[in-house]
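Please consult the sequence and the structure alongside it.

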Amino acid sequence: MRLFSEDPKGSCANEADANPLATSRFLGDTGMMSNILFVCGKARKRSPTAAAVAAELLGHSTDFAGLSADADERISTEHLDWADMIVVMEKAQLSRLKRQMKAHLKGKRLVCLDIPDNFEFMQQELVELVTARLARIVR
């Protein structure tokens, strides 16, 4: 399992002004960093892009996996045990994840970004869409 995390490169007095998402938390007011797993079909384009974008913008540890048998990084119970939040790209993937891994989802926050599979890895439009959708789910 490879993880993305944004390593601090020194302190910035006004970090929140530079990136309002950087200080937002996915786990409410616990003050704890969360581990976010991004899931798509084959883990080739959308979920690796979303994981990289989230790590940079939010400073959380992120990872990605795919639901398909031929995914580059197939989702495992290890992924699910590690994650505090699981973010899927499509509603159908959320349903499939619940069917396949229901026992391992207890206590996890599940989110669907509703991002179709018509982008390339790190395509600018995908990066912008992921950024906008993450801003909606950050509390």
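1. Confidence. The chain has a mean pLDDT of 82, where pLDDT is the predictor's confidence in each residue, from 0 to 100. A value of 70 or more is reached by 76% of its residues. Confidence is lowest in helix 1 (residues 15-18), with a mean of 34, and highest in strand 2 (residues 61-66), with a mean of 98. Over residues 4-31 the pLDDT is below 50, and this stretch has 47 contacts in the model beyond near neighbours in sequence. Contact here means heavy atoms within 4.5 Å.

2. Basis of the values. The model is predicted; local features need pLDDT of at least 70, side-chain atom pairs count only at pLDDT 80 or more, and totals for chains, interfaces and linings use all residues. Residues are numbered from 1 along each chain as its sequence is written, and side-chain values use heavy atoms, with hydrogens and water left out.

3. Overall arrangement. The chain contains five helices and four strands, and from the N terminus the order of elements is α-β-α-β-α-β-α-β-α. Helices (H or I, at least four residues) and strands (E, at least two) are DSSP runs, numbered from the N terminus. Of the 139 residues in the chain, 44% are buried; buried means under 20% relative accessible area, exposed over 50%, and partly exposed in between (1.4 Å probe, protein chains only). Among contacts with a separation of 6 or more, 71% are between residues 24 or more positions apart.

4. Helix 2 against helix 5. The axes of helix 2 (residues 46-58) and helix 5 (residues 124-137) come within 10 Å and cross at roughly 60°. Helix 2 is therefore oblique to helix 5: angles under 35 degrees count as roughly parallel, over 145 as roughly antiparallel, 65 to 115 as roughly perpendicular, and the rest as oblique. Axes are lines fitted to C-alpha atoms, for helices over the stretch in contact, and angles run from 0 to 180 degrees between N-to-C directions.

5. Residues at that contact. Which residues of helix 2 meet helix 5? Arg 46, Thr 49, Ala 50, Val 53, Ala 54 and Leu 57 do so, and their counterparts in helix 5 are Leu 126, Val 127, Val 130, Thr 131 and Leu 134. By class, the contact has eight nonpolar, two polar and one charged residues.

6. Positive phi values. Most residues other than glycine have a negative phi. Ala 43, in the loop between strand 1 (35-40) and helix 2, has a positive phi near 60°. Ala 43 counts as buried, because its relative accessibility is 3%. Met 122 also has a positive phi near 60° and lies in the loop between strand 4 (109-112) and helix 5. With a relative accessible area of 37%, Met 122 is partly exposed.

7. Ser 68. Is Ser 68 buried or exposed? At 14% relative accessibility, this residue counts as buried. Ser 68 is located in the loop between strand 2 and helix 3 (77-82). Leaving aside neighbours within four places in sequence, Ser 68 is in contact with Gly 41, Lys 42, Arg 74 and Arg 96.

8. Arg 136. This residue belongs to helix 5 and is exposed, with a relative accessible area of 65%. Arg 136 and Leu 113 are 23 residues apart in sequence, and their C-alpha atoms are 9.3 Å apart in space.

Technical notes: Nonpolar A, V, L, I, M, F, W, Y, C, P; charged D, E, K, R; others polar.
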